[in-house]
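Open the model in your viewer and keep the sequence panel beside it. Each stop below tells you what to select.

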Amino acid sequence: MKKGTLKQILLITDGCSNKGEDPIAMASLAQENGITVNVIGVLENDAIDEKGMAEIEGIAMAGGGISQVVYAQALSETVQMVTRKAMTQTLQGVVNRELRQILGSNTSLEELPPDQRGEVMEVVDELGETSDLEVLVLIDTSASMKFKLPTVKDALLDLSLSLNARSGNNSFSVYVFPGKRDEVERLLDWTPQLDKLTSVFPKLAAGGVTPTGPALRKAVASFKKNRSLRGLLLRDEDQFLDETM
């Protein structure tokens, strides 16, 4: 099995979208484009909004990812644990689905003998660490998230630290919604330098409505743009090598 590129959107929200397209439909669009959508729901106290919970779970299910909920007043380590778990399960889930295609539609990992299953899982873990990874962090900065952003910042810092330990190539981008001028605003363009993630922290400020659907649509488009840019750079590199040989 060859090493590939894992693509995922990490949506951090309180699950209360109220403008634009259906975010669950946009998560399905992401999944169709090979992008996994994970959702971290940031909630307050014990008052869990049923509509918000349903949206958080629905987005993750439609996007082929996982959803986790963390309370805003909890320790920042809780958010860090949730973030690591979401990343790990996404990586393993994508690789597992690819392995099932190799094994055939009538065979699953659970049906393999224990020794073979263990060997396959070792391959899964190895590919999870060595595969190239593209992560677009999508942050809800609506008014309802105002007092939750400090916890979100801790989660992003932990995300950068944990991914930095991987041997595979990483590429990051950060978008917020709503933006200061538009529904969705890019804070950090695609970059392999994870330490740049901290540079966006002072730019995070809450206010406005919650266009989660448009934000997911913009995120999917950003992956396509990044792929086109990489292809252009590779063609330029090949042309340069041809001219110098």
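**Stop 1: helix 4**

Start with helix 4 and select Val120, Val124, Leu127, Gly128 and Thr130, which are buried there. Remember as you look that this is a predicted model.

Now show the whole of helix 4, residues 114-130. Helix 4 has 17 residues. From its first C-alpha to its last, helix 4 reaches 24 Å, close to the 24 Å expected at 1.5 Å a residue.

Next, turn to charge. Which residues gather in a patch of negative charge on the surface? Select Asp115, Glu119, Glu122, Asp125, Glu126 and Glu129 to see them. Pick out Asp125, which is in helix 4. Asp125 has 39% relative accessibility, so Asp125 counts as partly exposed.

**Stop 2: two salt bridges**

Side chains of opposite charge can pair when their charged atoms come close. How many salt bridges does a search of the whole structure find? The search finds two.

Select Arg217 and Glu21 for one of them. Their side chains meet in a salt bridge, 2.6 Å from N to O. Arg217 lies in helix 6 (residues 212-244), while Glu21 is in the loop between strand 1 and helix 1, so the pair ties together parts that are 196 residues apart in sequence. Arg217 is partly exposed, with a relative accessible area of 38%. Glu21 is partly exposed as well, at 29%.

Then select Arg186 and Asp189, which also form a salt bridge. Here the closest N and O atoms are 3.6 Å apart. Arg186 is partly exposed at 40% relative accessibility. Asp189 is partly exposed too, with a relative accessible area of 38%.

**Stop 3: Gly20**

Select Gly20, in the loop between strand 1 (5-13) and helix 1 (23-32). Is Gly20 buried or exposed? With a relative accessible area of 58%, Gly20 is exposed, because the cut-off for exposed is over 50%.

Gly20 and Thr212 are 192 residues apart along the chain. Yet 7.5 Å separates their C-alpha atoms.

**Stop 4: a cis peptide bond**

Finish at Phe177 and Pro178. What joins Phe177 and Pro178? A cis peptide bond does, with omega about 0°. Most peptide bonds are trans.

How values were computed. Residues numbered from 1 in each chain as written. Predicted model: local features only at pLDDT ≥ 70, side-chain atom pairs only at ≥ 80, totals over all residues. Heavy atoms only, no water. Patch = residues over 30% accessible without salt bridge, like charges linked within 9 Å, V, L, I, M, F, W, Y side chains within 5 Å. Areas by Shrake-Rupley, 256 points an atom, 1.4 Å probe, with all protein chains shown as cover. Salt bridge = Lys/Arg side-chain N within 4 Å of Asp/Glu carboxyl O. Lys, Arg positive; Asp, Glu negative; His and termini not counted. Charge placed at Lys NZ, Arg CZ, Asp CG, Glu CD. Helix = DSSP H or I, 4+ residues; strand = E, 2+ residues; numbered from the N terminus. Buried < 20%, exposed > 50% of the residue type's maximum accessible area, 1.4 Å probe, protein only. Expected span 1.5 Å × (residues − 1).
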